[in-house]
Amino acid sequence: MKITHRDFVANGPGSVKMVPVESDDLWYAYNLIAPGDTVQAVTVRKVLREVASGGRDAERMKLKLEIKVEVVEYDKAGSVLRVRGKNIQENEYVKIGQFHTLEIEPHRPFMLRKVSTSEWIDFQTEKENNTKIC
């Protein structure tokens, strides 16, 4: 796991931007991400648009979304981590409260935020010597 940014507040919230380098990093992230955390990543979502003829046209858009985690699933065979939850940051295409599943794969960065710094203690002690910080 490569960590590109850390931001911790004493006895408060904290965030880490990381990039899984190999599939084992996805397993580690699966065990780190918990319901109630927030995860921000670039994702693809099908968006409906009005066309001149009065109909609708579906288009796949690349978006940066931040969701409040409800469910985390790890697919070892596909080397993908699926994080499902409600959008908490409105944009032009996705309203607050809409569900979305982020797919986190090796070499795709994501930001994990936790409410309490104490939740990061295990993360820091276990990975500090095995992680490359950029």
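Q: In which strand does Glu 66 lie?
A: This is a predicted model, in which local features need pLDDT of at least 70 and side-chain atom pairs count only at pLDDT 80 or more, while totals for chains, interfaces and linings use all residues. Residues are numbered from 1 along each chain as its sequence is written, and side-chain values use heavy atoms, with hydrogens and water left out. With helices (H or I, at least four residues) and strands (E, at least two) taken as DSSP runs numbered from the N terminus, the element that holds Glu 66 is strand 4.

Q: Is Glu 66 buried or exposed?
A: The classes rest on relative accessible area, computed with a 1.4 Å probe on protein chains only: buried is under 20%, exposed is over 50%, and partly exposed is in between. Glu 66 has a relative accessible area of 8%, so the residue is buried.

Q: Which side chain joins that of Glu 66 in a polar contact of 3.2 Å?
A: A polar contact is a pair of N or O atoms within 3.5 Å; within protein, one atom must be able to donate a hydrogen and the other to accept it, and residues adjacent in sequence count only if both atoms are side-chain atoms. The side chain of Glu 66 makes such a contact with the side chain of Arg 113 at 2.8 Å. The contact of 3.2 Å, in turn, joins Glu 66 to the side chain of Thr 38.

Q: How many residues apart in sequence are the parts that Arg 113 and Glu 66 tie together?
A: Arg 113 forms a salt bridge with Glu 66, the closest N and O atoms being 2.8 Å apart, where a salt bridge is a side-chain nitrogen of Lys or Arg within 4 Å of a carboxyl oxygen of Asp or Glu. Because Arg 113 lies in strand 7 and Glu 66 in strand 4 (residues 56-75), the separation of the parts tied together is 47 residues.

Q: What is the relative accessibility of Lys 114, which forms a salt bridge with Asp 37?
A: In this salt bridge the closest N and O atoms are 2.6 Å apart. The pair links distant parts of the chain, with Lys 114 in strand 7 (residues 110-114) and Asp 37 in the loop between helix 1 and strand 3 (38-50), 77 residues apart. Asp 37 is buried, with a relative accessible area of 3%, and Lys 114 also counts as buried, at a relative accessibility of 5%.

Q: Which residue is joined with Asp 75 and Arg 82 into one network?
A: Asp 75 forms a salt bridge with Arg 82, with 3.7 Å between the closest N and O atoms. Asp 75 is partly exposed, at 24% relative accessible area, and Arg 82 counts as partly exposed at 26%. Salt bridges that share partners bring into one network with Asp 75 and Arg 82 the residue Glu 103.

Q: Where do the buried residues of helix 1 fall, seen down its axis?
A: The buried residues of helix 1 (residues 23-32) are Asp 25, Leu 26, Tyr 28, Ala 29 and Leu 32. Taking the directions from the helix axis to the C-beta atoms, these buried residues fall within an arc of 160°, so they line one face of the helix.
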